[in-house]
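Here is a short report on salt bridges, pockets and a surface patch. The sequence and model come first.

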Amino acid sequence: MDRLWTDFVNSDYHDWRGGDRSEDRLAKPEWQQRFLEQWRLQASIPASIEEETSMRKFRIELQAVATRLSEGASLTDEEREWLNAIMEKGRGHRKLSVDKQQLRVEWIPVGAHWQQVMAEVAADFAITLTQGEGARIRICDNADCRWVFYDDTRSRTQKYCDDKMCGNLMKVRRFRAKRKGEQQNNLER
């Protein structure tokens with residue numbers, strides 16, 4: 001399940017199959033457009049060079065915090081203060097609305113800029129932590145992938161961002177390594 005903050009962090013794409021191909025999607029106007037539309041956020045497209053630089057720095061720091069948490073660490077006071085400083089830059093108000101005959105309270109961002117977007121990303125990450133779900137943050141076990149994801153399985157044992165892609169690839173790699181080892185043993189006899 002994609003979350004706002006994981007979608008943002010994973011904009012730094014690496015070829016999960018082990019190739020050298022990688023791309024920073026933050027700099028791509030098409031990615032920016034899709035991201036904003038998917039998460040119902042607003043900002044100017046394309047982002048300025050300064051905004052891209054700020055978003056990259058934010059992404060690196062957020063990924064570092066997520067990685068630490070995925071390893072079982074706790075959020076530090078310094079990290080909490082950093083998240084608060086990012087969220088403080090976002091402004092908005094609440095609005096009561098009706099959706100499919102159900103009342104709901106919406107958060108309406110006031111600004112239409114990338115600082116506001118980063119504040120929303122930081123808030124989504126903070127919500128994940130406040131719901132006691134920091135332990136569900138994972139980094140894909142495929143070292144070539146590096147995808148950050150939220151483990152929404154009941155057993156909390158998900159290892160790969162996608163079982164059909166990275167999971168199958170790693171299963172094939174383990175099988176081939178085992179078979180190669182068996183062949184080596186047979187040759188040595």
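Asp77 and Arg80 pair in a salt bridge, 3.6 Å from N to O. The term needs a side-chain nitrogen of Lys or Arg within 4 Å of a carboxyl oxygen of Asp or Glu. Because the two are 3 residues apart in helix H4 (residues 77-88), about one helical turn separates them. Asp77 is exposed at 51% relative accessible area, and Arg80 is partly exposed at 38%. Buried means under 20%, exposed over 50%, partly exposed in between (1.4 Å probe, protein chains only).

This is a predicted model: local features need pLDDT of at least 70 and side-chain atom pairs 80 or more, while totals for chains, interfaces and linings use all residues. Numbering runs from 1 along each chain as its sequence is written, and side-chain values use heavy atoms, without hydrogens or water.

**Salt bridges**

The whole structure holds 12 salt bridges.

| Pair | N to O distance |
|---|---|
| Asp77 and Arg80 | 3.6 Å |
| Asp7 and Arg34 | 3.2 Å |
| Asp124 and Arg3 | 3.9 Å |

Asp124 and Arg3 are both buried. Asp7 lies in helix H1 and Arg34 in helix H2 (residues 29-38), so their bridge ties together parts 27 residues apart in sequence. Asp7 is buried at 8% relative accessibility, whereas Arg34 is partly exposed at 33%. A network of salt bridges links Asp24, Glu52, Arg56 and Arg59. Helices (H or I, at least four residues) and strands (E, at least two) are DSSP runs, numbered from the N terminus.

Of its 20 lining residues, Trp39, Arg40, Leu41, Trp107 and Glu120 are the closest to its centre. A pocket is an open set of points on a 1 Å grid where a 1.4 Å probe fits, with protein on both sides within 12 Å along at least five of seven lines; lining residues have an atom within 4 Å of a point. Strand E4 (102-109) and helix H5 (114-130) each give at least two residues to this lining.

The second largest pocket has a volume of about 190 Å³. Its lining includes Met87, Arg91, Trp107 and Glu120. H5 provides the largest share, 4 residues.

**Surface patch**

Which residues form a nonpolar patch on the surface? They are Leu96, Val98, Leu103 and Val105, with about 440 Å² of accessible area together. Patch residues have over 30% relative accessible area and no salt bridge, with nonpolar side chains joined within 5 Å and like charges within 9 Å. Leu103 lies in strand E4 and is exposed at 61% relative accessibility.

Definitions and conventions. Grid points are joined across faces, edges and corners, and a volume is the space filled by probe spheres set on the points. Accessible areas come from the Shrake-Rupley method with a 1.4 Å probe; for residues, only the protein chains shown count as cover.
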